[in-house]
Amino acid sequence: MNRIILSLLLIAIIISSCKKESVQHINIIDKQKIAEITKDGLTATLWSDNTSLQTGYTKIYISLKDIQSKEIKNASVTYLPVMDMVSMGKKHSSPKENPRYNDEINLYEGAVVFTMPSSATDGWQLDVSVNGKPISFPLTIATSSKKSTGSYLGTDGEKYVVSLIPPAKWQVGLNDLEIFISKQLSMMEFTAEDGFTIEFEPEMPSMDHGSPNNTNPISIGNGHYKGKVNYTMTGDWRLHFKLKKNNEVIVDDAYVDVLF
Ligand SMILES: [Cu+2]
């Protein structure tokens, strides 16, 4: 009798531990679905980290399925963000990073810097090319509560877009700081810009002080620059970036605002 109870108990333990394991193996996508289009047997789904898209540097993920609902992981995918400014009779693009397949999340991962919000008349679309086939997603872009990107005319006559890459979370003390710099080549073309040295200064405008022990962002390639910001308290912070080339100031004060 005792043996039967013991073996039943053992079986129960095995079953429950098996259950636990299978639950852990389920791949949960913690992304929000933005839009989905099926065209010529291809289903393309856009995903984001947030429920709504806002101005600033924004990760945009995409998943692709064929007509048999099989994941397509090896397509060549590009993004072209387009804003149609009907009120001014012109179209323009914005900085972007073409998506690449990320095995850890089973999604293609790219980014777009939305430089302005949608309005009643002017709207954004994301033109996606999958192995040369075009799919166009209309998007609504809200205004970010804090300025997280800006366009600046450099002393070299070039136009630059400087954007904060939002971290998952800010904390009091030292934080990783990453920004993305692009040069505007034309209304429709932007390119990542690596050649700057950057002087960085955080400021608390409401209290008229900065903070010590910050690290200037340095180029890590593809227009990305990485440094450290030291927040001595929570509240409103303004991050000032002076962009230099060959010791010459190109942009005196590119800045973004942070509240946490
Ligand atoms: Cu616009």
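Visitor: Is Met116 buried, partly exposed or exposed, and what is its relative accessible area?

Guide: Met116 is partly exposed, with a relative accessible area of 25%; buried means under 20%, exposed over 50% and partly exposed in between, with a 1.4 Å probe and protein chains only. This is a predicted model, in which local features need pLDDT of at least 70 and side-chain atom pairs count only at pLDDT 80 or more, while totals for chains, interfaces and linings use all residues. Residues are numbered from 1 along each chain as its sequence is written, and side-chain values use heavy atoms, with hydrogens and water left out.

The SD atom of Met116 is one of the donors to the copper ion. Donors here are N, O and S atoms within 2.8 Å of the metal (3.2 Å for Na, K and Ca); water is not among the atoms, so sites may look incomplete. The angles among the four donor atoms of the copper ion span 94 to 122°, and its site is tetrahedral, a term that requires all angles to lie between 85 and 135 degrees.

Along the chain, the donors of the copper ion are spaced as M-x1-M-x6-H-x23-M. Met85 belongs to strand E5 (residues 77–85), whereas Met116 sits in the loop between strand E8 (107–114) and strand E9 (123–130); the pair therefore ties together parts that are 31 residues apart in sequence. Strands (E) are DSSP runs of at least two residues, numbered from the N terminus. Met85, with 7% relative accessibility, counts as buried, while Met116 is partly exposed at 25%.

Technical notes. Four donors count as tetrahedral if all angles lie between 85 and 135 degrees; four count as square planar and six as octahedral if opposite donors are over 155 degrees apart and all others between 65 and 115; anything else is irregular. Helices (H or I, at least four residues) and strands (E, at least two) are DSSP runs, numbered from the N terminus.
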